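Subject: Structure handover

Hi,

Here is the structure for you to look over. My notes follow below it.

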Amino acid sequence: MKKNHKPFSIIGPCSAETEEQVLETAALIQQSNLPIDVFRAGIWKPRTRPGNFEGVGKKGLKWLQQVKATYGWKLATEVASAQQVEDALNAGIDVLWIGARTATNPFSVQEVAAALKGTSESVWIKNPVNPDLDLWIGALERIAQETDGEVGLIHRGFSIFRASEYRNHPTWQIPIEMRRRYPDMPMLLDPSHMAGKRALIPKLMQLGVDLDYDGWMVEVHCQPEKAWSDAAQQFKPKDLSEIIENIAWKQKSKINQGGESLLEQYRQHLDLIDEEFFNLLNRRMSISEEIGQLKHQNQLTILQTERVQETLKKWIALGASRGLSKEFIQKLFEAVHLESIEHQGKKLH
Ligand code: PEP
Ligand code: MN
């Protein structure tokens, strides 16, 4: 996103709840001068657990049509089945998105793809919940094969086993690799579902600009605290407008990018990778501490030479398959192993 290229903005409530809530949210977006290209609202809501609000269904499409008739914005909603595609397109929805849960399931993606055959509405594919690059690529291929409309990607973060401050961990290396493989495919950031809470969203939006995303999908609600879904992550439109005003825009466009800003982008990528690298080291050391305790309870020595030799051999093979020299791996192993021994002893004192 750059100063001379305004972010493509899909803005609106998580869910369409009532006619009043949809129209009031749209009116507040208009009043707060929020930049908006497409108005979003979930009509069918995939919920992790049954019993949560599962969307108002078809009747909500009429409320969206009113928004389009009043403000002229394009409309977007999530689709997960052939029937939903048909209902959405019959109601004049211009933009469809495949949700993160649907993107994990090739059967569902295929069903949606088949229903999109020969249609020209644009389709955005969220990353699947699992941090699996191929699964995302598979969903993209299935949809792109069938639709005649534009296709794009939305990075909304991933479910990971370890703790994360985010509702859905960014795992930046996946979208970065996706962009390397599909450099012409637009990619939006969804900071709302990534963060899960308002406080983390501004920082993510700035990062989206710094990392040159093409735009964003952000949730707003007329009364966020009373929202029927995702209450903790939705903004009042005027609050989102203020956040956007405080964004520091990049100066140069992708086309005539000078060496300097490209360098800056690469450095930001490196910083993100380093952060992941340290998270992993931290996890590794915590496991070492647990192992230290176990060894102590079973009266085993901390240093077990055979295991050390075996691990080093595995490291060298892993390193070689990733283009890393044996000398480097040996030094790295020595440093990590020493630190690990320290951690193994840590919980015993
Ligand atoms: C949504 O956009 O409302 C949604 C359910 O998102 P996701 O599929 O990313 O969880
Ligand atoms: Mn939501």
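T25 is buried, with a relative accessible area of 0%. Buried here means under 20% relative accessible area, exposed means over 50%, and partly exposed is what lies in between (1.4 Å probe, protein chains only). T25 sits in helix α1, residues 19–31. Helices (H or I, at least four residues) and strands (E, at least two) are DSSP runs, numbered from the N terminus. Not counting residues up to four places away in sequence, T25 touches P13, V220, H221, C222 and P237. A contact means heavy atoms within 4.5 Å.

Some ground rules. This is a predicted model, in which local features need pLDDT of at least 70 and side-chain atom pairs count only at pLDDT 80 or more, while totals for chains, interfaces and linings use all residues. Residues are numbered from 1 along each chain as its sequence is written, chains are lettered from A and ligands numbered from 1 in the order in which they are written, and side-chain values use heavy atoms, with hydrogens and water left out.

Overall picture

The protein has 12 helices and eight strands. Its C-alpha atoms fill a box of roughly 75 × 50 × 40 Å along the principal axes. Of its 349 residues, 48% count as buried. Take the contacts with a separation of 6 or more: 74% of them join residues 24 or more positions apart. The protein exposes about 18000 Å², and carbon and sulfur atoms supply 52% of that. Accessible areas come from the Shrake-Rupley method with a 1.4 Å probe; for residues, only the protein chains shown count as cover.

Ligand 1

The residues around ligand 1 are C14, R40, K45, E78, W97, G99, A100, R101, K126, R156, H193 and E219. A residue is near a molecule or strand if one of its heavy atoms lies within 4 Å of it. By class, this shell has three nonpolar, two polar and seven charged residues. Ala, Val, Leu, Ile, Met, Phe, Trp, Tyr, Cys and Pro count as nonpolar, Asp, Glu, Lys and Arg as charged, and the others, Gly among them, as polar.

Taken alone, ligand 1 exposes 290 Å², and the protein buries 97% of that. A polar contact is a pair of N or O atoms within 3.5 Å; within protein, one must be able to donate a hydrogen and the other to accept it, and residues adjacent in sequence count only if both atoms are side-chain atoms.

Cores

The largest nonpolar core has 69 residues. Those with the most contacts inside it are F39, I125, I143, M205 and L240. Helix α5 (residues 133–146) gives the largest share of this core, six residues. A second, separate core has nine residues, including V38, A76, V95 and M217. A nonpolar core is a set of buried Ala, Val, Leu, Ile, Met, Phe, Trp, Tyr and Cys residues joined through side-chain atoms within 4.5 Å.

Leaving aside neighbours within four places in sequence, I143 is in contact with I98, V109, V112, A113, L116, V123, I125 and V151.

W136 lies in helix α5. W136 is buried, at 0% relative accessible area. Beyond four places in sequence, its contacts include I125, K126, L153, F158, I174 and M187. The side chain of W136 also reaches the backbone oxygen of I125, at 3.3 Å.

Other residues to look at

E276 is in helix α10, residues 259–297. E276 is buried, with a relative accessible area of 8%. Its contacts, neighbours within four places aside, are R162, H169 and Q173.

P183 is in the loop between α6 (173–181) and β7 (187–189). P183 is exposed, at 53% relative accessible area.

Which backbone angles call for a check? Most residues other than glycine have a negative phi. N33 has a positive phi of about 55° although it is not a glycine. N33 lies in the loop between α1 and β2 (38–40) and counts as exposed, at 66% relative accessibility. D230 also has a positive phi, near 50°, and is a residue other than glycine. D230 lies in the loop between β8 (215–219) and α9 (237–245), but counts as buried, at 17% relative accessibility.

Best wishes
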